[in-house]
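Hi everyone, thanks for coming. Please bring the structure up on your screens, and we'll walk through a few parts of it together.

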Amino acid sequence: MCDRLLGSGGAMRLTYTSDLWWKNAVVYCLDVETFKDGNDDGVGDFRGLTQEIDYLAGLGVTCLWLMPFFPTPNRDDGYDITDFYAIDPRLGTLGDFVEFMRTAKDRGMRVIADLVVNHTSDQHPWFIESRSSKKSPLRDWYVWSDKPEPDDPQQVVFPDKEDSIWQLDTSTGQYYLHSFYRHQPDLNVSNPEVRDEIARILGFWMELGLSGFRVDAVPFLIENVQPQLADPHEFLADLRAFMTRREGASVLLGEVNLAYKDLLGYFGEGLGDQLTMCFDFIGMQRAWLALARGEAEPLADALRSRPRPPKDCQWAMFLRNHDELTLDKLTDEERQEVFQAFGPEKDMQIYGRGLRRRLPTMLGGDMRRIKMAYSLLFSLPGTPVMFYGEEIGMGENLEAEGRMAVRVPMQWSPDGGFSRGAPEREMPAGAYAPARINVADQKREQDSLLRWFQLLIERYRECPELAWGDCTVLETADPAILAHRCDADGATVVVLHNLGETAQDVELKLAGLESHTLTDLLVDGTLDVSEEGVARLTLDPHGCRWLRASPKEIPAEDASVMSH
């Protein structure tokens, strides 16, 4: 977790190294295409993104995650790639990318990018060559079969668009595998040449400054490694080892939507030599069930059952991302509860398993609930990952198809501010139109959501216990209250959230904190823990409190991990 160095007088003090920067990073996911248009053609680009780096630095972002920016026919919003070594011309040039990277580095921000190597576009030169003949030298770069293997309907990721994961290629009479759309043939990562090529792709972009990658659809990626040819998890370990040799502080952030017991292997069982971080899909889905019920238990149960990742690995926490809000790990009854609470209309739902809405609209624009939800995001143990526009409360455009509903242009000013031309994508209308939701206005409002995000991020960065510490869910008498404490090297932060509609008096038993003072980190104020270790406080409806514990004789600002 940290290096222990001898301090003056032989006392031990902690030095948290930047080598593990991801442990308490603030990750901001954005699509270059929808963030800011720098050349007035209606499409976002790297020039526009570079212009807004200072905004992101001012927000407190420490790591940018870029959605795919490679050349593409754009049949799947850039996840169908035709060249892994270039920039989509609509988004700029390699020169623009390098200038963006220089500017981000200058502001102290790291950058990771989507690694989409489970498949390519069917227009990629590799696939064009592979399908040209059964004797093609690239034939084995993809997965071919004389007949479609037995199809399990559960394997079809997009059941509204596809009914099989095999597609007949009439030119050669064989079928190719496509875990996703038929225009996205799966690469054969059992092939050592393909694995070497993927490593070259990583190496290329790391040379241009990337600190790592968010790995798309990891289970699908390694399932294509045939066990008789190689250990599927060896592929992940090899990628991680390659990256560590090139840059010791690089990361692989994995999209692994599996039960906890099945997911641990993707970190590398006990070794932590595969994925550096994994998204906590279970915690996310249980959080939405808790919000729907106004009761803490679904989320508390997930936190209690979540295993510790291997040393130096981390969970990535999120409430929304660029895809649908998937609810596939809930029971049918639980999923219907969330649908009823946050997306009762059919056009708000997708694939029967998720919602294509952004958080503020799901919470009905109720700023108390919205602020409380984001307080949850930043205080739950792990690294918070946010989606662009969340910091100002942007809504979705349900007129757009499928997942594209949430991938709307960033709203910079009352007139939009995304582009001086006509934006290629439509912005939300009504209560979530730019005239009502935008960065410029919220910069001037002290109680805006944007200012709340800045405060949460600032406090999160000041509380390494939240990311590095041991988390304990605390018992409370009221089912609406989620209380947890994070302890690290003698320092403690206690966090409470009221998921309910009514104010609650809360009594907490805080072992080891007898006669301590709890200092509120979000608003002014302190309260005392009794000699018996009991703290009493009142939480407003949808209220939240972050409290730093300190002995009465020590100021709160001197009681954090960093000061020990």
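Let me begin with one term: two strands pair if DSSP finds at least two bridges between them. One thing to keep in mind as we go is that this is a predicted model.

With that term in hand, look at strand β24, residues 544–551. In β24, Leu518 has Ala549 as its bridge partner. That bridge belongs to the pairing of strand β21, residues 516–520, with β24, which is antiparallel and has five bridges. β24 is also joined to strand β19, residues 491–498, again by five bridges and running antiparallel. Here you can find His497 opposite Cys544 of β24. Seven of the eight residues in β24 are buried, so the strand is largely enclosed by the rest of the structure.

What is the strand order in the open sheet of three strands? It goes β13-β15-β14, and the pairing is antiparallel. β13 (325–326) and β14 (349–350) are at the edges with a single partner strand each, so one side of each has no neighbour in the sheet. Two bridges connect β14 with β15, residues 354–355, and Ile350 has Gly354 as its bridge partner in β15.

Stay with β15 for a moment, because I'd like to show you Leu355, which is found in that strand and counts as buried because its relative accessibility is 0%, where the cut-off is under 20%. Leu355 and Glu324 lie 31 residues apart in sequence, yet their C-alpha atoms are 5.4 Å apart in space. Leaving out residues up to four places away in sequence, Leu355 touches a list of residues including Arg320, Leu325, Val338, Phe342 and Met362.

Now to the nonpolar cores. Which residues touch the most other members of the largest core? Among its 154 residues, they are Tyr28, Leu56, Phe100 and Trp288. The helix that gives the most to this core is α10, residues 281–293, with eight residues. Trp288 has contacts beyond its neighbours within four places in sequence, among them Leu319, Val338, Phe342, Leu359 and Met362. There is also a second, separate core of 17 residues, which includes Leu474, Leu496, Leu518 and Val529.

Buried in α4 are Asp96, Phe97, Phe100, Met101, Thr103 and Ala104. Viewed down the helix axis, they fall within an arc of 165°, so they line one face of α4. What covers them includes α2, α3, β4, β5 and α6. On the other side of α4, Lys105 and Asp106 are exposed. After the helix comes Gly108, with a positive phi near 80°.

The other is α14, residues 367–379, whose 13 residues should also span 18 Å and whose end C-alpha atoms are 18 Å apart. Is α14 largely enclosed or exposed? With 11 of its 13 residues buried, it is largely enclosed by the rest of the structure. Those buried residues include Ile370, Met372, Tyr374, Leu377 and Phe378. At the N-terminal end, Asp366 caps α14, with a side-chain oxygen 3.0 Å from the backbone nitrogen of Arg368.

That's the tour, so please ask away!

Notes. Residues are numbered from 1 along each chain as its sequence is written. This is a predicted model: local features need pLDDT of at least 70, side-chain atom pairs count only at pLDDT 80 or more; totals for chains, interfaces and linings use all residues. Side-chain values use heavy atoms; hydrogens and water are left out. Helices (H or I, at least four residues) and strands (E, at least two) are DSSP runs, numbered from the N terminus. The expected span of a helix is 1.5 Å times one less than its number of residues. Buried means under 20% relative accessible area, exposed over 50%, partly exposed in between (1.4 Å probe, protein chains only). A polar contact is a pair of N or O atoms within 3.5 Å; within protein, one must be able to donate a hydrogen and the other to accept it, and residues adjacent in sequence count only if both atoms are side-chain atoms. A nonpolar core is a set of buried Ala, Val, Leu, Ile, Met, Phe, Trp, Tyr and Cys residues joined through side-chain atoms within 4.5 Å. Contact means heavy atoms within 4.5 Å. The arc is that of the directions from the helix axis to the C-beta atoms.
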